[in-house]
Amino acid sequence: MFQCKDLFTLLSLLNIKLICGNNGLNNIIRWAYKAESLDLSNWVKGGELLIVSGAVIERNDFNLSTLINLAINLKLSGALLLVGDNYIKSIPKQLLNLCNKSNFPIFIIPWSTPLVNIFEELGHAIVTSNMNKNNENFVANIVFGKEYSKEELLLKADNLNYNLENPQTVFLIRFHDNINSKLNKISLNEFKINEFTSYITSLFESNDMNIIISSYGNNIIGLFSSNKGTNILNSIFNSFILDAAKKIPQLSITIGIGKTYNSASNIQKSFKEASKCMEIAAKLNKTNNILYYEELGILSLFFELDRKDLLKEFSNQVLGGLIDYDKKHKGELLKTVEIYLNNNCNIIKTSEELSTHRNTIKYRLKKVETICESSLNNHLFRVNIQNALLIHNFI
């Protein structure tokens with residue numbers, strides 16, 4: 001996928017300068033369109049790079065701000081302006097501010113730059129980039145069970161400049177509508193998915209991490225090889241979640257990460273683990289979360305058990321009295337003890353998180369002990385409550 005930042009790599013654009021919209025450099029350029037009039041709507045589909053040359057500048061009705069406003073509304077990727085005495089001489093500060101706010105990059109080049117060279121090189125770069133994208137379906141073929149011999153696997157990976165002989169990990173990104181609490185999928189068009197795919201790739205590459213990536217529906221699948229640890233991964237994925245939410249405010253994201261395996265033959269296993277993270281996130285209604293399969297602990301065991309009725313019976317035995325009390329008195333015993341345990345039995349942190357006086361927290365915890373006929377100082381009782389809460393939320 002060819003992005004706005006890749007314009008700097010073209011020989012025909014050696015003199016290109018970016019003047020605004022820095023945060024839109026990851027925007028994907030689907031094609032280029034040279035403006036012939038101020039009415040773009042009949043000629044673009046979204047994702048084009050708008051080229052503003054003498055053809056439109058010489059029109060009596062030309063207005064740069066009007067044209068760029070329309071380009072932003074039509075979801076174009078950016079604009080390339082020819083500047084010079086008989087071309088665009090200046091750009092209003094208000095327009096620059098709008099482009100910065102809209103993540104719409106504007107580039108300028110001298111008017112003397114031959115447009116034919118730009119169109120030829122840009123077209124070739126976009127086509128080549130899309131061909132590379134087709135090769136990335138290699139990831140989907142592996143995780144969905146297409147059988148390759150070891151030799152085929154290594155050869156295809158080598159063609160993508162990807163080292164498959166290092167330890168491998170699969171991650172899965174799923175997009176949801178955060179307005180609906182049931183984690184319903186949100187409808188994203190192919191162009192937007194491609195934009196997100198390109199962005200997550202750039203985040204990995206900026207951290208010198210080898211990655212190949214693919215997508216299906218509202219999901220992105222990534223295969224990467226790295227020993228940099230979870231801190232770097234969390235930084236990458238948190239940046240992705242925050243920036244994606246800026247682009248689409250109603251978007252929420254769940255990311256599942258499978259275990260790392262030394263053998264390429266276990267890539268599919270890592271993918272299944274990442275998928276289980278997604279299903280657990282859906283059951284627990286977790287949004288904008290990063291779940292590592294190896295950190296799920298007892299939750300992964302719950303997921304594998306066929307007898308969910310046994311889990312429910314255990315949960316009811318431990319929590320039944322608290323649930324009944326909360327229903328009858330509109331209380332918050334269950335919520336209070338859960339937050340208390342999550343805060344390592346710290347009364348002050350529990351009080352702050354619930355915005356409730358410490359004495360009230362102490363009273364509720366004492367009530368929990370009375371109803372359950374056990375002390376929260378008892379380690380086994382705390383473990384039973386935590387497991388019961390996990391099961392209660394899971395089921």
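**Note on the sheet and its helices**

1. In this predicted model, five strands make up an open sheet of mixed pairing, arranged in the order S1-S5-S4-S3-S2. Strand S1 (17-20) and strand S2 (31-34) lie at the edges with a single partner strand each, so one side of each has no neighbour in the sheet. On average, neighbouring strands are turned by 30° against each other, direction ignored.

2. Ala-32 has Leu-49 as its bridge partner in S3. Helix H2 (residues 64-73) packs on the sheet, where it touches S3, strand S4 (78-83) and strand S5 (106-110). The direction of H2 makes about 170° with that of S3.

3. Ile-108 of S5 is the bridge partner of Leu-81. From S4 the chain passes through helix H3 (residues 93-101) to reach S5, and this β-α-β crossover is right-handed.

4. Why is S5 described as largely enclosed by the rest of the structure? Four of its five residues are buried, that is, under 20% relative accessible area. S5 is therefore largely enclosed by the rest of the structure.

Definitions and conventions
Residues numbered from 1 in each chain as written. Predicted model: local features only at pLDDT ≥ 70, side-chain atom pairs only at ≥ 80, totals over all residues. Heavy atoms only, no water. Pairing = 2+ DSSP bridges. Helix = DSSP H or I, 4+ residues; strand = E, 2+ residues; numbered from the N terminus. Axes fitted to C-alpha atoms, helices over the stretch in contact; angles between N-to-C directions. Contact = heavy atoms within 4.5 Å. Buried < 20%, exposed > 50% of the residue type's maximum accessible area, 1.4 Å probe, protein only. Right-handed = clockwise from strand over helix to strand, strands pointing away.
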